[in-house]
Amino acid sequence: MNDKDIVQLFFERSQQAIIELSQKYGKFCFHIALNILKCNEDAEECENDTYLKTWNSIPPDEPRCLRSYVGRIVRNLALSKYRYNHRQMRDSHLQVYLSELQDCIPAPQDVEASADDTVNRAIQDFLSTQDLTNRALFIQRYFYMESISVLSKKFGIKESNVSTKLNRTRLKLKQYLEREGVTL
């Protein structure tokens with residue numbers, strides 16, 4: 001079933017919408033949540049919460065890209081769950097990802113605040129100027145929280161090359177955001 005048909009089922013308030021969404025994007029949602037949470041049970045919980053949040057948000061929302069829409073929902077839920085589970089802990093595997101971005105992207109206090117359209121639009125515009133490999137590496141690393149070793153295998157390049165490409169892309173992003181007047 002295509003995305004438009006699934007969204008239409010949500011608008012009709014048909015429970016079949018959740019079944020179709022689960023069949024089409026269940027593994028995708030679970031993968032995102034698992035990369036962040038590193039726990040199968042928590043990832044399954046986030047996946048299921050994604051279906052509920054999608055049910056409650058469509059309508060009135062009408063996503064142009066259902067995959068991106070549910071990807072963002074599950075990512076935000078997983079990050080919230082991660083913060084909840086680790087609020088007392090200092091050491092964090094997510095700190096690695098976030099520390100890489102701290103110099104080039106403004107750091108909001110919470111995930112919901114990161115929805116600032118100015119910053120999002122600027123990052124999207126910047127990524128559209130990058131070649132396919134650099135754009136995919138950046139998105140896989142910082143949205144899907146993939147490790148350098150996984151990216152190396154996926155793209156068939158050495159880990160050091162992945163790190164170098166990501167570093168150069170972050171530096172270009174910082175320069176781009178400064179040119180666009182985005183406060184860092």
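Is F28 buried or exposed in this predicted model? F28 is buried, with a relative accessible area of 12%, where buried means under 20%, exposed over 50% and partly exposed in between, computed with a 1.4 Å probe on protein chains only. In this predicted model, local features need pLDDT of at least 70 and side-chain atom pairs count only at pLDDT 80 or more, while totals for chains, interfaces and linings use all residues. Residues are numbered from 1 along each chain as its sequence is written, and side-chain values use heavy atoms, with hydrogens and water left out.

**View 1. F28 and Y144 form an aromatic pair.** A search of the whole structure finds six aromatic pairs, counted when ring centres of Phe, Tyr or Trp (its six-membered ring) lie within 6.5 Å, with planes under 30 degrees apart called stacked, over 60 edge-to-face and the rest tilted. The pair of F28 and Y144 is edge-to-face, at 5.8 Å centre to centre and 75° between the planes. It links distant parts of the chain, because F28 lies in helix α2 (residues 16–37) and Y144, 116 residues apart from it, in the loop between α7 (132–142) and α8 (148–155); helices (H or I, at least four residues) and strands (E, at least two) are DSSP runs numbered from the N terminus. Y144 also counts as buried, at 14% relative accessibility.

**View 2. Ring pairs link Y25, F28, F143 and Y144 into a cluster.** F143 is partly exposed, with a relative accessible area of 24%.

**View 3. The charged ends of two arginines sit over aromatic rings.** The charged end of R67 sits over the ring of F28, 3.9 Å from its centre, and that of R13 sits over the ring of W55, 4.0 Å from the ring centre. This arrangement requires NZ of Lys or CZ of Arg within 6 Å of the ring centre and within 35 degrees of the ring normal.

**View 4. D61 touches F11 and Y69.** D61 is found in the loop between α3 (40–57) and α4 (66–85) and is partly exposed, at 35% relative accessibility. Its contacts (heavy atoms within 4.5 Å) with F11 and Y69 leave aside residues up to four places away in sequence.
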